[in-house]
Amino acid sequence: MGTQGKQILDLRLTGVERLHERYVLLRAVNPEGALPPMMAGQFAQLRVDGSAGTFLRRPISIHFVDEERQEVWFLVQTVGEGTRALARLSAGDTLNAVLPLGRGFTPAREGERLLLVGGGVGVAPLLQLGKETQRAGAEVTFLLGARSAEDLLQLPLFERYGRVFVTTEDGTAGERGFVTQHSLLSAERFSRIAVCGPKPMMVAVARYAKSSGTPCEVSLENMMACGVGACLCCVEDTTEGHVCVCTEGPVFNIERLKWQI
Amino acid sequence: MADLRVNIGALELRNPVLTASGTFGYGLEFEDFVDLSELGGVIVKGTTLQPRQGNAYPRMAETAQGMLNCVGLQNKGVDYFCQHIYPRLTHDTQFVVNVSGSSPEDYAECAARVAGLERIRAIELNISCPNVRDGGMAFGTSPEAAASVVEAVRQAYPKTLIVKLSPNVTDIVSIARAVEAAGADAVSLINTLMGMAIDAERRRRVLSIGTGGLSGPAVKPVALRMVWQVAHAVSIPVIGLGGISTATDAVEFLLAGATAVEVGTANFLDPAISVKIVRGIDEYLTRHGYASVKDIIGICE
Ligand SMILES: Cc1cc2nc3c(=O)[nH]c(=O)nc-3n(C[C@H](O)[C@H](O)[C@H](O)COP(=O)(O)OP(=O)(O)OC[C@H]3O[C@@H](n4cnc5c(N)ncnc54)[C@H](O)[C@@H]3O)c2cc1C
Ligand SMILES: Cc1cc2nc3c(=O)[nH]c(=O)nc-3n(C[C@H](O)[C@H](O)[C@H](O)COP(=O)(O)O)c2cc1C
Ligand code: FES
């Protein structure tokens with residue numbers, strides 16, 4: 001455990017960009033030097049300063065690592081007091097982070113065809129995953145779902161790493177409906193699927209994966225306190241009983257979960 | 001540097017700072033952040049005779065300056081601990097096993113199995129877990145029941161026996177006196193305060209079993225008052241905990257009469273806080289001209 005290299009860092013924000021009313025992109029560097037190595041699907045526990053109602057740290061996925069600039073990016077949806085306080089930060093501010101935490105997605109092998117499915121802010125870990133997957137010599141296809149066209153985030157960046165298909169619930173971009181209704185799923189087959197998004201969406205994709213015999217990993221968002229496997233608050237019921245999402249996950253193969261799929 | 005050493009019965013601590021059960025894993029989870037040998041000790045996760053799955057998710061709710069949990073003693077059982085975890089606990093610090101059970105026999109058998117482990121020189125008896133139905137806090141809420149468990153364990157466990165008290169009682173002093181009379185070498189307090197959280201939007205209780213134990217800065221004044229009361233009523237050492245997040249908090253517990261302190265929920269906010277508290281206590285002693293931490297125990301007027 002001592003070898004995983006988790007660190008508590010006072011990161012310095014280099015950019016805070018409002019992508020949309022409810023989403024903010026935080027970019028940060030480690031003023032003390034390089035960032036520790038991080039993998040797609042891993043997360044950070046961010047300390048929220050200046051919000052009296054926020055006691056615990058907030059788990060946020062590694063959205064992207066810009067190796068050249070040694071920048072780590074976080075894509076945050078404002079849903080409550082803690083995330084709103086994060087969105088109020090400005091460039092130059094300090095962001096205290098514990099990272100990298102958890103186990104990410106299984107790295108791709110050359111020649112694999114990966115389908116990366118994201119819904120809402122669940123697209124966050126998929127950008128880094130797309131980059132790593134492409135770099136491994138595997139083929140990347142993104143299928144991203146959102147309520148409306150304006151909720152589709154970072155599309156030009158996703159396009160750098162693979163084909164991008166989208167669905168919106170109101171039909172303002174891509175195909176109308178949910179990701180699981182997209183025509184791509186009946187037209188093509190993939191060697192593996194990786195999913196992150198709201199639970200009903202992940203369950204629906206897991207069902208498709210199971211019925212089509214495609215191995216599938218999902219990234220869970222259980223509520224966390226410590227983020228390091230100490231408090232046992234974040235457990236998911238699995239085939240091996242209760243396991244900590246923060247250390248055994250957040251990424252799980254659907255075969256390990258007890259979901260009704 | 002001041003002399004930070006303290007004794008809890010026969011247990012010698014390098015300094016008065018331990019980490020609280022259920023908040024620091026087995027210590028191994030924090031090795032990236034903390035040099036465990038800088039701590040007085042590590043009190044490991046609640047351990048029971050049989051493996052336990054604990055309660056269903058959700059087990060946590062954030063509150064004002066604190067949190068509720070209803071983990072419910074999830075652990076792989078004492079035999080798993082002895083065979084698989086104990087061999088990894090080779091660090092130069094005191095590892096203390098937190099023992100729980102559902103009957104006096106259970107507690108005693110669990111303690112007996114831990115007694116055989118050479119590097120474990122103390123156990124902390126948890127008679128105060130508010131999150132399990134069968135036992136736990138039931139033993140910590142009456143002097144008679146508390147004494148019955150402590151007597152049973154005392155016969156099975158020759159090393160240092162610390163008994164962890166529940167704050168969910170009307171008179172904690174009577175419980176502390178009862179466990180002292182039953183042979184405890186020390187008491188630690190407080191465990192969590194029973195509480196509840198309701199989600200107004202969804203009109204339902206947040207935690208899977210409805211209630212949970214409150215911890216964090218929110219409970220500190222209650223904990224401090226109880227430590228003061230108990231320290232003035234018993235002659236065995238008292239270990240104080242409940243909401244300690246800074247060295248000043250820790251010093252307050254020492255002044256109230258605690259010989260050592262435990263740091264719990266604060267480990268979640270800053271995984272390196274325990275060693276910072278050790279250094280802060282040292283700074284406090286130096287700043288006020290005390291040669292030893294023992295000089296400030298219980299001196300609050
Ligand atoms: C491993 C992991 C990775 C995550 N990655 C991201 C990310 O990259 N970007 C992002 O925006 N969010 C992410 N989340 C979710 C994020 O942690 C929560 O949205 C955040 O903690 C909410 O804090 P708050 O104070 O704003 O809201 P609160 O006031 O705490 O809650 C507001 C609402 O959000 C819900 N909520 C709170 N915590 C969670 C949670 N953990 N999961 C789902 N719903 C929650 C509450 O039930 C409530 O309805 C991730 C969660 C986990 C566990
Ligand atoms: C998530 C969690 C799990 C806990 N598990 C245990 C346990 O297994 N045994 C025990 O005696 N106390 C347990 N406790 C109680 C703490 O050890 C401590 O008594 C309490 O949290 C008050 O201290 P604090 O405010 O510093 O956290 C737990 C507390 C928390 C928050
Ligand atoms: S959040 Fe504490 S164990 Fe996972």
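Predicted model: local features only at pLDDT ≥ 70, side-chain atom pairs only at ≥ 80, totals over all residues.
Trainee: Which other backbone atoms meet oxygen atoms of ligand 2?

Mentor: Ser21(B) places a backbone N or O atom 2.8 Å from an oxygen atom of the ligand. Ligand 2 on its own has 610 Å² of accessible area, and the protein covers 95% of it.

Trainee: Why is the site of ligand 2 called shared?

Mentor: It is shared between chains because residues from both A and B surround the ligand. There are 22 residues around ligand 2, and among those that come nearest are Lys164(B), Gly243(B) and Thr265(B).

Trainee: Now the interface. Why is the pair Lys6(A) and Asp32(B) called a salt bridge?

Mentor: The N to O distance between their side chains is 3.9 Å. The rule asks for a Lys or Arg nitrogen within 4 Å of an Asp or Glu carboxyl oxygen, so this pair meets it. Chain B and chain A have 2 salt bridges between them.

Trainee: What makes up the side of chain B that touches chain A?

Mentor: By class, 14 nonpolar, 13 polar and 8 charged residues. Strand S5 (60-63), strand S6 (66-69) and helix H7 (266-269) of chain B each supply at least two residues there.

Technical notes. Residues numbered from 1 in each chain as written. Chains lettered and ligands numbered in written order. Heavy atoms only, no water. Helix = DSSP H or I, 4+ residues; strand = E, 2+ residues; numbered from the N terminus. Nonpolar A, V, L, I, M, F, W, Y, C, P; charged D, E, K, R; others polar. Near = heavy atom within 4 Å. Polar contact = N/O pair within 3.5 Å; in protein donor to acceptor, adjacent residues only side chain to side chain. Areas by Shrake-Rupley, 256 points an atom, 1.4 Å probe, with all protein chains shown as cover.
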